[in-house]
Amino acid sequence: MANFRLQISALTVLLGFLSPTWALALEETLISYAGPSITFLPAEVARQRGFFREQNLDVKLLLTRTEVDRAALASGSIYYSLRAGSTFVSAARGLPVRIVFLGTTKPFWGLVVRPEIKAVSELKGKSMAVPGLLGSQQISAKFILKQNGLDPDRDVTYRIVDTGTRIAAMLSGSVDCAMMDYGEAYRAKKVGLKFLLNAADYHGLLAGGLGVNNGKLRDQPDQVKRVITGLLQALRYMRENPEGTQQVMMNWLKLDREMAADIYQMAINNYTRNGMVEDAMLNSLVTTMLAEAGIKGVAPSQLTDFTLLQQALK
């Protein structure tokens, strides 16, 4: 009995030294995304630097296509998505989802073309690779094509090609151009393809953020708030620690040090500072995005719920 009491006392002392967060079992949390991309970097920084774990979350990023993501988020098969663009579209169509955090204000990709193509106008009759229909990259592509005098719905054929396989698709000739995030675009340049333009020079876009199923938002607001808190910590870390952020980029996006440094400088000001944007910018960008998806007359305020974000910022 004395030995038993001694063991219990020793265990109590040991647990006393452990943080309450680490003493508890981590909550496994699945978050859908389109694949490793600079757009979704805050979530990976939060994972690699332990910010989600500090919130008692074991976050796993689940690779899905846009159409699958949209259906799964609405049905509750998954509860979180990093795709802000498609979540805005889903919410505007009346599906039970909301945007609760905004990570970006500009796109993090460019238009990559085969080497013989010299201008956007030459894409008439060509095929373009995008990760999903009515996702952020296709909406971005349509905006750029329209600004360059093309009919984005008739002059270009869109083909769904997964992130990470578009370079091979272009080299094989199965597509003529592609919207690629900065990391993939830099790799494309190294194998002889052409980075024709940076989408961030053409328009703003709310591509990365956090979309949540309404049921999760209603039933487990504490968990949603902790996911948001982890993302906020990541945004702060990314601005205060460029070298550590670039190391995450090198590991996750398979970049060399020079590419990571260049892309960091190009991208860092495309992220929000606190998960929010001004109302005027929100209204303008969301209205434009929904118009490209054929949706009109929906107020952006109906598609968002920043209550938990505001609490996390206090």
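Author: The side chains of D58 and K60 meet in a salt bridge, with 2.7 Å from N to O, where a salt bridge is a side-chain nitrogen of Lys or Arg within 4 Å of a carboxyl oxygen of Asp or Glu. K60 has a relative accessibility of 32% and therefore counts as partly exposed, on a scale where buried means under 20% relative accessible area, exposed over 50%, and partly exposed in between, using a 1.4 Å probe and protein chains only. This is a predicted model, in which local features need pLDDT of at least 70 and side-chain atom pairs count only at pLDDT 80 or more, while totals for chains, interfaces and linings use all residues. Residues are numbered from 1 along each chain as its sequence is written, and side-chain values use heavy atoms, with hydrogens and water left out.

Side chains of opposite charge can pair when their charged atoms come close. E116 and R114 form such a salt bridge, their closest N and O atoms being 3.2 Å apart, and E116, at 45% relative accessibility, counts as partly exposed. In the salt bridge between D219 and R218 the closest N and O atoms are 3.0 Å apart; here D219 counts as exposed because its relative accessibility is 53%, and R218 is also exposed, with a relative accessible area of 61%. Beyond these pairs, E27, D222 and R226 are linked in a network of salt bridges. The structure holds 12 salt bridges, including the one between D58 and K60 with which this account began.
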